[in-house]
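Here are some exercises to work through with the structure open beside you. Try each task before you read its solution.

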Amino acid sequence: MNKLLMMMILTVALLTLGFCYADEIQQQLIRQNPCVLKQTCHECIQTPTCAWCAQPKFDGKRCFQSNINSNMIQCNERYINNPKNEYKMLDSRELQKARKNTNSYMSSVSSSSGSSSSTSKGSAASSTHDAVQISPQQVSLKLRINEAHRITVNYAQAEDYPVDLYYLMDLSNSMEDDKEKLSALGNLLAESMRNITSNFRLGFGSFVDKVVMPYVNTMPKNLVKPCPRCDAPPYGFQNVMSLSQDTNKFAGEVQRAPVSGNLDAPEGGFDAIMQAIVCRDQIGWRERARRLLLFSTDAGFHYAGDGKLGGIIKPNDGRCHLDNRGSYTHSSLQDYPSISQINLKVRQNSINMIFAVTREQINVYERLMQHIEGASAGTLSENSENVVDLVKDQYSKISSSVEMRDTASSAIKVTYYSSCLDKDGVLKQTNKCDGLKVGTVVNFQAEIEVTSCPPNRKDWTQTFQIYPVGINESLTVSLDMQCECDCENVGHPDYLEKSPDCRGAGTLKCGVCECDSMHFGRMCECDANNNRHGNDTYMVSGCRLNNDSEINCSGRGECNCGQCDCQARSNPEERVYGTYCECDNFSCDRSGGALCGGYGTCDCGVCKCIPGWTGESCDCHATNETCIMDGSNEICSGRGNCECGQCKCSEENGIRYSGKYCQKCPTCPGRCQEFKECIQCLVYKTGSMSPEECEKSCTIKPIIVKVAEANEDKDENMCSYYDQDDCRFAYVYTYDQSGKIVIRAQEERECPPQVYFMGIILGVIGAIVLIGMALLLLWKLLTTINDRREFAKFEKERMIAKWDTAENPIYRQATSTFKNPTYMGKS
């Protein structure tokens, strides 16, 4: 009995091991050859490296790996569906600057639109043509799913490219002195920009806030004169001067612009930004020009939802609402726009936003610019006297870098690679290059990949743009997704309805039967009233993964009429599926307790990660972007490796680097010493440099703050030294998003109190004299007290004496008489 029990236990154990081993072998085969699971042509070609055999009455695996010789699978080459990626260049004009008296112009294709179309066609009669800063201009692609294709995109900043600058200014009462300064600097601003480009236009607009409570005092007298020094009623936005080359007019319009006022601290700047962007005709934005929108204020901003405080609930529609006088007519009718709306309009209209704000507001607008494409921010002085330098610096920053973006949908993944200015360098994954000059050509490799076929067939053909941020030029990509086979469509020779090969109960598509609702089976040989079960060799073979297997439906289903009916799970979200029930959606690796790390879906034991994630459990970033510091092109600052989206810092020459981007070196001096002399001469007017040397050698522009404190979370570096006066001075340096150095220096040095040696000496001498005199006085005082005590004691004793005061008992006469005892008388 015991032996029989032991034999039964051993048999069960062996069967369990056999099931587990078979399942493991199946999973391994699936990972090595994902094609074996695909049962239709469109599923097959949507799997990379897979091809489909549509040959009728084919006994082998129809979906196979395309790198296998077709003779080995015995499929006629005519029936093999293995579409390739197709690339065609439709419009490719060379990079060039704007020219005059052009005699002719050739283009590879004339199928473009708008101004590009008229330019590409060319004409001998044409006397001018626009600059071309991106090439090619239009391409077409036919891509298979998950098979990427790279195209080369060239960019160069054209010489003397037109610039439109619209100055949008807060004209509330607190900005009155800034308005006066801007009026005086208008011509200087225009002159400075004309040194950069001869084709420059300038415009001006102003804003305050919505004319409703609680933003503005709506008392009748306050609507006429909202503050003692205000010259105009409050208003939302006013286009004072459209873009024009008449810069003298700009100075006059700014001077005449009236100042108004409001109640709360934030202003209605978002309303003004939206109108300045979308009202293209009223503002005068040119089609081919770099568009700069300079936003100047000393306050914060209202955004979507704030309008409810004033009873305005209608959302901002993002449309132009300016009347003939340039006034915003929907200020009190629509809410403020949201940040995402501003970003959308900035992207659609190729606007470069520049926020020129005061020191108190710079942190707020630096965070805002991170959510607006191509935006930048600079610190405005108290009366805007540095506005010319600020515009020049920000324009230089914008024009010296290029960042490639795209409008591709979620089904399309675009990854950029470039070596930037290093022509012989290795391609790195980046969409941004810095340090460009006019005429410098930068090559980008745009890797385009279709990650999945959209559910709607209309979305299988899409058009999107690849463009440099802030430039109104783009590469248009017309993309056809190869989501299905031709033989699956009506009219193809391999598409046959009610085919004899399907027992007249189904449609033959690409060699496979698609049965009607009343039949099933590989050849539609079964119907709902005649299901055949059991060990029939033909029927059972259709339920086994291969001829060597003796397990039906992988042990996770029932074989019905040659087809597997997979078992249901108790959890409705878990599913067993596949031709042989060999797949499920719950047996993948987990990370952080979540299936596929929460960043993918489980498909047949393999995690399919969403774009941006990779790894067996989708717990790793797919790109190196998280390992590249803002303003840099090096992965982990060139001092480590990017593993799973995080920097693993290396050790070089005994130096161990640290930090999120391996940018920190605890034992290295950093750049503190480099800036020391310049900080001394620029901020404190001290140090070894003369004023002439300081002006010539020091190009940094430190920001003056009350107290210099470093924020380690932002990778800021603290520097402090003692100068020749034994005074401590401190400053902090870090890098902005473009890689430019930013230095904050402490306003005042921390000096020890001044020591007056003569005073100390005189004080010491005086102290000694005073102490001596005090001691003498103390001695005299003690002596006097003692004498008085003795005298008092004497007086007391004299008063109590008992002798006769008529004769002094101690008195003795001055003469004494002695008698001679031997004297006897006269002789």
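Predicted model: local features only at pLDDT ≥ 70, side-chain atom pairs only at ≥ 80, totals over all residues.

Residues are numbered from 1 along each chain as its sequence is written, and side-chain values use heavy atoms, leaving out hydrogens and water.

**Exercise 1.** Find how many helices and strands the protein has, and what share of its residues is buried.

*Solution.* Start with the secondary structure: there are 15 helices and 45 strands (DSSP runs, H or I of at least four residues for helices, E of at least two for strands, numbered from the N terminus). Next, 42% of the 827 residues count as buried (under 20% relative accessible area, 1.4 Å probe, protein chains only).

**Exercise 2.** Work out the strand order in the open sheet of 3 strands, and which strands stand at its edges.

*Solution.* The order is β2-β1-β3, with antiparallel pairing (two strands pair if DSSP finds at least two bridges between them). Since β2 (63-65) and β3 (80-81) each have a single partner strand, they stand at the edges, so one side of each lacks a neighbour in the sheet. Now look at β1 (residues 50-53), joined to β2 by 3 bridges. Within this pair, W52 has C63 of β2 as its bridge partner.

**Exercise 3.** Locate V769 and decide whether it is buried, partly exposed or exposed.

*Solution.* V769 lies in helix α15 (residues 757-799). Its relative accessible area is 44%, so V769 is partly exposed (between the 20% limit for buried and the 50% limit for exposed).
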